[in-house]
Each structure stands twice: as C-alpha cells, then as structure tokens.
Amino acid sequence: MIFHCAVLDDYQDAALTHADWSPLADRVEVRTLREHHTDQDRLAAELVDCEIVVAMRERTPFDAGLLRRLPRLRLLVTTGRRNPSIDVDAAAAQGVTVCGTASSPTPPVELTWALLLGLARHLTTENRALRDGGPWQSTVGQDLAGRTLGVLGLGRIGSRVARVATAFGMDVLAWSPHLTAERAAEGGAELASGKEDLLRRSDFVSLHLVLSDRTRGLLGEPELRAMRPHAHLINTSRAGLVDRSALLRALREGWIAGAGLDVFDTEPLPADDPLRSLPNVLATPHLGYVTEGNYRTFYGEVVEDIAAYLDGDPVRVLSPGQGV
C-alpha cells in the first residue's frame, strides 16, 4: 500500500530539500503545499485522500470537526514538541496517532536580538536612507550597556535571551507567574516583584511565555501604559500574549517607543494591516524558528516519525491531554 502524505505550509519549498526522504520512497507519496489554507472546506478537500499529514507548528488548527472530515488520516505529525492547535484527544478517539519533533531554542533567541538591536539603532530607517540617497545619520541610537532588559518568561528561550543581555552589559529583570528568586538568579536575572514592576523599570521588554488561558492578553492597556515612553516591546513568542488593540494605540499614541514583532494574530498578516506600516514597528513574518538547522531537525525527524509509524513502533507520540 502506498500512503499519501501532505506537508502543509511549506512556504519556501524547504521540506524535501532539508531531509532525506528516500527511506520512505517505496511506501509514501509526498506532496507539499506552499499556500496556507484558512478555509476549512478547502483544507479538508485538499487532505481528504491523505493517510499522513505534516503540520507546521500551530499554523493550522486540527480540531475535532476537521479531523472528522479526514476519514483516511492515520498519522498527524507536527513540527515541534507540542501543538495546542491539535486536538490530540479527538485524534486519539478517531484512531489518529499524533507525533512531534525536536525544536532548537536558539533561532528565536537570535531573532529576538536581531529585532531588539534593529530597534535600538534604527536600522530600518538608516538602511532605507542609505539606499535611497537620504540623510546621512538621521537618528541617534539607544545604548544597551547600562540599560535594563525585562524578560517575561525565563524558560528555554527566555533564559538564553537573558544571558545575551549580560554580555551587552545590561541589567536583567525577569518575571513569570511561578518564577522564584533562585531560578531568576540562576538565569542571571533579578526577580521583579511583579509584572508591573518589570514593565515600569525596563528599557526593553521581551516576551517568552507559553500562550494559555492564563497568559492570553497578559499585556493590555494598563500594562502598556506602565512601560516607559522610550521603551521597546519585543514579541517573538505568541501574538495572543498582547492585546492587539491596546498595542496599536500604544504605538500610535507614543505610550512606548516601538515594537519588534515576529508573531501575529492572523498569519500571514493581511496586506492592509496597520502593523505593516507603522513607522515604530520592526516586523518579520514569523521567522523565529526558520533556520536551516531547525528545518533539518524538523523534517529529518518528520521522516523518522513516519518511518517508525509505518514500522509499527511510533516515536515522539503526543499523548491525549496535550491538545487543545
């Protein structure tokens, strides 16, 4: 039997070039989809013949309704170790195995600092002026040494972001709901007395929290107004951590100096979205995990997941209870 496999959201045609799929050549017919489908009817029609589907991160929700429309589906592989957009319990009830892959924490750390440095030194403005024959040196950059970075979430990614800050000579504040002073100190940070304390004292604030019911909208109008007018917000984690309407007001009305954003409530970001044109926003199209090394890990382990499943011994299985 030849199994049909669809790889979703392969924007860069990277899936087949960043892994060796030959171990599956005589058992699996693979096709990649470059276009992201937001319409569930269209997506279901595209996948209805597939026994195997590969999802990119949390981009495509697989809820019980969509799963019911895919009667041939037997294996759903997600890149990354967890995926709250997949209803793992509904998948298990339908006889669908859900597997994941490893994911490196270093690419989002590096992009976080690219955004922070770009904002601090006005790189977009200065690069545009240089290319277009504009003014020579039109801005004055912010120093990092001696400034304070506030890190909301000091886990695998946030702790690495904090370590880079110390190399720049910055002070680091950290806070999350269950963070202790001891753990903060281990990460080279001082534990803020609360979220508001961190926001009031920081020159740059970087978000590295898991999105959940408890953290959704963690930063709203009161929190953004508590930040310093010269402060910048960096979000390479999840858009839902910040109230979108409050963020737009903060940027337009100057509550904060600017924002570096890699994640958005709707992706791809609509062409007319104001975040594309606000002058104090440095934005990238969700590139935090998009590196050669991470893609080799993602798709290499996707191949391993599929081969192990076909051999009757699935690996990296997500258990029921880890879904939506």
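Colleague: Which residues does the UniProt annotation "domain: D-isomer specific 2-hydroxyacid dehydrogenase catalytic" cover?
Modeller: Residues 18-315, according to the UniProt record, which is an unreviewed entry. Keep in mind that the structure here is a predicted model.

Colleague: How much of residues 18-315 is helix, and how much is strand?
Modeller: The span is 34% helix and 14% strand. Its end C-alpha atoms lie 20 Å apart.

Colleague: OK, sheets next. What order do the strands take in the open sheet of 5 strands?
Modeller: The order is β2-β1-β3-β4-β5, and the pairing is parallel. The edge strands are β2 (28-32) and β5 (97-99), each of which pairs on one side only. On average, neighbouring strands of this sheet are turned by 15° against each other, ignoring direction.

Colleague: How many bridges join β1 and β3?
Modeller: There are 3 bridges between β1 (residues 3-7) and β3 (residues 52-55), in the parallel sense. C5 stands opposite I52 in β3.

Colleague: What lies across those strands?
Modeller: Helix α11, residues 292-310, lies across β1, β2, β3, β4 (75-78) and β5. The helix runs at about 160° to β4.

Colleague: Is C5 buried or exposed?
Modeller: C5 counts as buried, at 0% relative accessibility. C50 is buried too, with a relative accessible area of 1%.

Colleague: Changing topic: how many aromatic pairs does the structure hold?
Modeller: It holds 4 aromatic pairs. One of them is Y295 with F298: the ring centres are 6.3 Å apart and the planes are at 35°, so the pair is tilted.

Colleague: Where do Y295 and F298 sit relative to each other in helix α11?
Modeller: Y295 and F298 are 3 residues apart in that helix, so about one helical turn separates them. Y295 counts as buried at 6% relative accessibility, and F298 counts as buried at 0%.

Colleague: Which residues do the ring pairs link into a cluster?
Modeller: The cluster is made up of Y289, Y295, F298 and Y299.

Colleague: And the other sheet, what's the order of its 7 strands?
Modeller: β8-β7-β6-β9-β10-β11-β12, in an open sheet with parallel pairing. β8 (190-191) and β12 stand at the edges with a single partner strand each, so one side of each has no neighbour in the sheet. Helix α4, residues 106-120, packs on the sheet and touches β6, β9, β10, β11 and β12. Its direction makes about 155° with that of β10.

Colleague: Which residues of β6 are buried on each face?
Modeller: T148, G150 and L152 are buried on one side, and L149 and V151 on the other. That makes 5 of the 5 residues of β6 buried, so the strand is largely enclosed by the rest of the structure.

Colleague: How many bridges does β6 make with β7?
Modeller: β6 pairs with β7 (residues 171-175) over 5 bridges, in the parallel sense, and T148 stands opposite D171. With β9 (residues 204-207), strand β6 (residues 148-152) pairs over 4 bridges, also parallel. There, L149 stands opposite F204.

Colleague: Where is A189 found?
Modeller: A189 is in the loop between α7 (181-186) and β8. It is buried, with a relative accessible area of 11%. A189 and V172 are 17 residues apart in sequence, yet their C-alpha atoms are 4.8 Å apart in space. Leaving out residues up to four places away in sequence, A189 touches L154, V172, L173, A174 and A184.

Colleague: Last one: which residues of helix α10 are buried?
Modeller: In α10 (residues 244-253), A246, L247, L248, A250 and L251 are buried. These residues pack against α9 (221-226), β10 (232-235), β11 (258-261) and β12 (281-283). Just after α10 comes G254, which takes a positive phi of about 80°.

Notes: Residues numbered from 1 in each chain as written. Predicted model: local features only at pLDDT ≥ 70, side-chain atom pairs only at ≥ 80, totals over all residues. Heavy atoms only, no water. Pairing = 2+ DSSP bridges. Helix = DSSP H or I, 4+ residues; strand = E, 2+ residues; numbered from the N terminus. Axes fitted to C-alpha atoms, helices over the stretch in contact; angles between N-to-C directions. Contact = heavy atoms within 4.5 Å. Buried < 20%, exposed > 50% of the residue type's maximum accessible area, 1.4 Å probe, protein only. UniProt positions renumbered as here; feature names shortened; annotations may be inferred. Phe/Tyr/Trp six-rings, centres within 6.5 Å; stacked < 30°, edge-to-face > 60°.
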